Amino acid sequence: MASSGDVDGQPAKTRPPIRINVAFGLVITHALLMRFILDEYVPAPTQRFAYFMIGLALFNIIVKVIGFLPVAFAPHTPKVEKGKGLQGDKVVSVIFPAYNEGDGIGQIAESALNSTDSPNVEFIVVDDRSKDNTWAELQRIKKERNDPRFIPVAGQERGKVYWKGKNWAVAQGADVAKGDYLLFADSDVTLYPGAIDDFIGSMTKAEVGWVSFLPKTTFSCFAEYMFNWPGTCIAQGLIPAKVNTGKVYAFGQCNLFTRETYDELGGHREIGHLVAESHALAALAVEKKIKFRCQCAFKQASMYWYNDFWECWKGQLKSVRGRMGKKLPVVNRPIPRPVVATVMSWYISVQLVPWFIFLMGMAKLIVTQATAYAYADAAVGASASASASFGPLDQMALGAAAVCVGCSFLNRLIGKVFLGYDMYYWYLAPITSTVLVACMAVRACRPDNAGRWNDDGMPEGYVQPKDAKTKTK
C-alpha cells in the first residue's frame, strides 16, 4: 500500500530542505537585524544597546553557567568490589541489538566478553537482518572465542507487525534470554571491566527494578564539535538527578531491568510501535507506579554517536523533529516554516551578536589606543580625545560581550571539571551549532511522508507489537 502523500503508488517528490520563500525571509530578517545593530552601535553604542548587551550577558550567565552547575551533583554509578555485585546463582543477560554494525560490532562484543569472566552472564547479539557483514562478524567471534556465553541471534522478519527502530531486535533478545536481570545496551556501547557488577550493585542499593544508565560519550569526528555535541552531552548530565526527583525520562543506550519489572512493564512489545522507546517505558513505569532510577555510568561504559557530518545531521534532525515537527492543536499542522525561520533568525542573532560586538569592540579599542599613542606628542589633549572616543558605553558593550563569550568557555569548563569531557573547539558552540540548529528547525517542520522519525502512519493491515503475542522460539 502506498504511504500517505504518495500518488498512484509512487513516492511523493521530496521537497528541498529550505524553499525560496523561507530563504528570502531569512535574508530579509537578518538584513533588518544587522541594520538595527549597526545603527545602535556605530559610531558609538546607544544607552539602550549597552543595556541590551548587559541583559544578554546576564542571560548567558544564568543559562550557560548557573544552569549547568548542578552537574557537579549528578548521580554516578559507584564502583563495587569484585564479587559484591552479581551474587549467588543469579544470571544476567546482556542484549545488544545490531543493524548494519559490521564495522564495529566485533570490538563491542569483545569488550563485553572481556568485561567479566562470570559464567552467570550471557551476551546476546541480535542481528536485525543487516545488509552488511554483521552476521558474518558475529559468527567469526563465536568461532574464535569459543565462549558459550556468547549467543548470536539471527533476527526474524517483522511480518505485519508495526515495529519501530530497534524494538523488534531487542524483544527477540529478551525472548531467548535466560537471565534474572536483563541489560539492554546499544551496539555502540563499550562495557568496561567490572561494569556489570557495578550495575547490579547499584540496582540493589537503590532497591528498584530498573536503572537507566548514561554512558560517557567518546567524540570521534570534528562534525560533533560543529553541532556542539559536547555541550549536549554536558546537558545530559543534568538529567539523571531530575529523573530521580520525578522527571519522566530514561536514556535508551543502556538499561538494566529485573526480569519481574520488565515483564510487569510489558517489555518492548508494549511500546514497540514508538520511536523513543525508553521515554515510553518511563511513562509506562510512572503510570504503573514502578520505581526506577537514572545514573551516569562514566566509569562503566562509553559510546560513540556519529562518524561524520551527515550522521550528525540526521541524528540531530531526528531530535529536533521530535520537538518541533508535532502538529499544532486546532490547525492540525506543524508550525509554518516562515514562522520557524523568523524565530530561528532571532535565535541566531542573539547567539552571534556577542561575538560580533566583541570583535568590533576589540578592534575599536585597539585602534583607539594606537591612535592615542601615535599622536601623544602632537597635542596635549590627544590622549583625552582618543579615550573619549571609546567611552563608558563602549566599555559596557564590550564588557558584556566578553562575558557572553566567556560563558561559552565556562560551560565547557564545567563539563571538563565535573564530567571529564574535553574542551576542544569550545568557541564553535555559539557559532556553527546555532546556524545548524536553525537550519534543522526549518527542515524539521516539513512533514516526513515516510514516517521515518514519527509514530504516525501505521500501514493498513498491520498490528501493533503489543497486539501480536507471538514470541521468538
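K79 counts as partly exposed because its relative accessibility is 46%. For that scale, buried means under 20% relative accessible area, exposed means over 50%, and partly exposed is in between, with a 1.4 Å probe and protein chains only. The model here is predicted, so local features need pLDDT of at least 70 and side-chain atom pairs count only at pLDDT 80 or more, while totals for chains, interfaces and linings use all residues. Residues are numbered from 1 along each chain as its sequence is written, and side-chain values use heavy atoms, with hydrogens and water left out.

Now, what does K79 pair with? K79 forms a salt bridge with D198, and the closest N and O atoms are 3.0 Å apart. The two come from distant parts of the chain, 119 residues apart: D198 is in helix α6 (residues 195-206), and K79 is in the loop between α2 (47-65) and β1 (92-98). Helices (H or I, at least four residues) and strands (E, at least two) are DSSP runs, numbered from the N terminus. A salt bridge, in turn, is a side-chain nitrogen of Lys or Arg within 4 Å of a carboxyl oxygen of Asp or Glu. Is D198 buried or exposed? D198 counts as buried, because its relative accessibility is 1%.

In general, side chains of opposite charge can pair when their charged atoms come close.

Next pair. R129 and E157 meet through their side chains in a salt bridge, 3.0 Å from N to O. This pair also links distant parts of the chain, 28 residues apart, with R129 in the loop between β2 (121-127) and α4 (134-145) and E157 in the loop between β3 (150-154) and α5 (167-176). R129 is partly exposed at 43% relative accessibility, and E157 is exposed at 55%.

Then there is helix α4. Both E144 and R140 lie in it, four residues apart, about one turn of the helix. Their salt bridge has its closest N and O atoms 2.7 Å apart. E144 counts as exposed at 52% relative accessibility, whereas R140 is partly exposed at 31%. Which residues are linked in a network of salt bridges? They are E137, R140 and E144.

D89, D180, E260 and D263 form a negative surface patch. Patches are made of residues with over 30% relative accessible area and no salt bridge; like charges are joined within 9 Å, and nonpolar side chains (Val, Leu, Ile, Met, Phe, Trp, Tyr) within 5 Å. One of the four, E260, is found in helix α10 (residues 259-265). E260 counts as exposed, because its relative accessibility is 57%.

Key:
Areas by Shrake-Rupley, 256 points an atom, 1.4 Å probe, with all protein chains shown as cover. Lys, Arg positive; Asp, Glu negative; His and termini not counted. Charge placed at Lys NZ, Arg CZ, Asp CG, Glu CD.
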